[in-house]
Every structure is written in structure tokens, then in C-alpha cells.
Amino acid sequence: MTHRIHLCAATLVLALGAPSFVPPVYAADKPFTAKEIDGAVYDGGRLPSGQSTLTAKLQILLDRAHVSPGVIDGWKGGMSESAIHAFETREGLPADGVMDAEVWRALGGPDAGNLTRDYRITEEDTAGLNDPLPDDYAELAKLERLGFVRVSERLAERFHMDEDFLLALNPEADFEAGETIAVADPGQPLDAAVSRIEISKSARRLAAFDEAGKMVANYPVAVGSTQTPSPTGTHGVSAIALNPTYSYNPDVNFQQGDNSEQLLLAPGANGPVGLVWIDLDKPTYGIHGTSDPSKLFKEFSHGCVRMTNWDGSELAEAIDMSSSVIFVE
């Protein structure tokens, strides 16, 4: 295991105001089904407001194209719109972030087969869960692992889904070994070598390029605020750690609660830096995972770059120590 001193694990919540959309359409009286997602058809115009089976289908198609929408949840919002914009840019289409027939065709929407599938829960899926985790770092430091606390949480991460959306697709499931549930099918992991990373602070997206300069992947991120900004300029990669521990030092980091002593927190998906830490050559800064992927577009970091655990892990497998990291405003 590898641990580093981090500056950026805590979050600052953005003041986004109250949402203008209607409550989820998968409420108890009308749940979504996987069949409805697979059967969703785009017939022109913008995406429906709020949550829809069409947006869920679009998100899975984007994820398969390695332009991550963040969590698959069916909601029309900032992460999905930024993913459309990134996909348009990569494909040479007019980049406005708006769904249209060209985007749908380029994603293979008219010919897409099923984008959900059945999954049978295994004994391994139900084993090794944590009890509910405290917020206080001193209490977390007493634990041997900061892992998943629910089977549904573990499987939502595996299939790139919002946990509530997974639960809504399977309203009768107890999430026990032997049960078969419906899940999104996000496709195969990225198979490319990334030599350059560009992080757009304004778009809150990370673009990954191969040696020839082709964009091979694009992911949503949280970046620093004006008070605790992310780095500027070009940086190198100093280390890549999967399943990292987390070193808390209030003399270098922020102070969490009443904790004034240095602490070492165990690894795990629910740790402060999630399942990956990509160390930058600017001390205490890096690219890392998160325990709450649905909040990427609702929070600032304390300067680091935060990704979903699955996106961060995919990126970590594609880069090496020669990769460059460029921050653009």
C-alpha cells in the first residue's frame, strides 16, 4: 500500500440553488425498468427535462464511448451535458453540448442493442462490507478498511450507476447472493496509452490524449475553488497508487473537526481519496477518486482533481510516469 500527504480531501459545496426539475419519474408509483431504457428512442429535439429513460440510454452510450457522464442516473444535467460537449469535440461535430441527431448517430444510438443486462449477485459481492462509517477522521483511523457498506453501493460503482438509480431499477431486490438484478452495461475498459492529460477548470472535464494527439477518453472532475485553487500550468506524474491509504496532517492540510494530530486512514472506496491516487510533481496535489461520485458537479475540492473511482482507476491504468498533466482555465 502507498500513502501520501494530501491537501484536498475535503469538499466545498457549490451553491446551486433548488433544482427546477420535477421529482424522479421512477417514484414508487412508476419505476423505470431496464426494458424501457433499452427501448428508449430518440426522435429529435433536446433531452427531456428531469429524469428519463432516454437520458439513461444516452449516458450508457457515452460511457461506452469513453466519454464519461459520471454516474448513470437518467438525469439531464451538467455532467451529461458536458459529456455531450466533449463527445462532439472529439468527433469533430459542432460542440454545443446539446443532444441532436448527429450526436445520436455518432454514438450508434439507432443501432444500439440492449444497454442493460441481468447480473446475478454472488457471495463475494455480499462479503467484506463495512459497518456504517463515521464522519470523524479519528474514528475512521481506527478501522482496517474504509470499504463499501452496502451491496447496492458496491454494485452501483461496478456498473457506473447512481446507487439510488440501481435501487429504483430493482425495487423488489434484497441484494442478496443468488438474486438476479438489472444493471447498466457500460462496456469495455479503455484500451489506450495516455501520454497527455488536459484538465479544464471551467468545463470541469479531464481529457486524455494518446501520443498522436487523439483524444481517447474524457471524464468529469471536481476541481479547486477560487479560495483553494487547483494548480496551473504543466506538471508531471510522480506516482500512481491504486487502493491508497490517506495521510491526514492538519499542519499541511485543512483541519477536520477537532482533529489536531496526524492520522493515517486505511484504504477503501469510501476513503477520502477513494480507490486511486495519481501524485503530481506539485507537492500535496494529485488526481484521485471519491466516495460520493454523484456530487462531482456540486462540489469544489481543496485543490486536487477528483474523479469517480471507476474513471480514476481507468485513467491510472492508461497513464505512466512520462504522462504530462496540463491545467487550463
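**Charged pairs, a helix crossing and a nonpolar patch**

Let's start with Lys142, which is exposed because its relative accessible area is 62%, above the 50% cut-off. Keep in mind that you're looking at a predicted model. The side chain of Lys142 meets that of Glu139 in a salt bridge, at 3.1 Å from N to O. Glu139 has a relative accessible area of 36%, so it counts as partly exposed. What's going on in a pair like this? Side chains of opposite charge can pair when their charged atoms come close.

How many salt bridges does a search of the whole structure find? It turns up eight. One of them joins Asp125 to Arg158, with the closest N and O atoms 2.9 Å apart. This pair ties together distant parts of the chain: Asp125 sits in helix H5 and Arg158 in helix H7, 33 residues apart. Asp125 is buried, at 2% relative accessibility, while Arg158 is partly exposed at 38%.

Another salt bridge pairs Glu329 with Lys201, and here the closest N and O atoms are 3.1 Å apart. Buried or exposed: which is Glu329? At 61% relative accessibility, Glu329 counts as exposed, whereas Lys201 is buried at 16%.

Now for the helices. H2 (residues 53-64) and H3 (residues 78-91) pack at about 45°, with their axes 11 Å apart. That makes H2 and H3 oblique to each other, and their crossing is left-handed.

Finally, find Ile240 in strand S8. Together with Leu242 and Met321, Ile240 makes a nonpolar surface patch of about 260 Å². Ile240 itself is partly exposed, at 31% relative accessibility.

Conventions: Residues are numbered from 1 along each chain as its sequence is written. This is a predicted model: local features need pLDDT of at least 70, side-chain atom pairs count only at pLDDT 80 or more; totals for chains, interfaces and linings use all residues. Side-chain values use heavy atoms; hydrogens and water are left out. Patches are made of residues with over 30% relative accessible area and no salt bridge: like charges are joined within 9 Å, nonpolar side chains (Val, Leu, Ile, Met, Phe, Trp, Tyr) within 5 Å. Accessible areas come from the Shrake-Rupley method with a 1.4 Å probe; for residues, only the protein chains shown count as cover. A salt bridge is a side-chain nitrogen of Lys or Arg within 4 Å of a carboxyl oxygen of Asp or Glu. Helices (H or I, at least four residues) and strands (E, at least two) are DSSP runs, numbered from the N terminus. Buried means under 20% relative accessible area, exposed over 50%, partly exposed in between (1.4 Å probe, protein chains only). Axes are lines fitted to C-alpha atoms, for helices over the stretch in contact, and angles run from 0 to 180 degrees between N-to-C directions. Angles under 35 degrees count as roughly parallel, over 145 as roughly antiparallel, 65 to 115 as roughly perpendicular and the rest as oblique. A crossing is left-handed if the near helix is turned anticlockwise from the far one by less than a right angle, and right-handed if clockwise.
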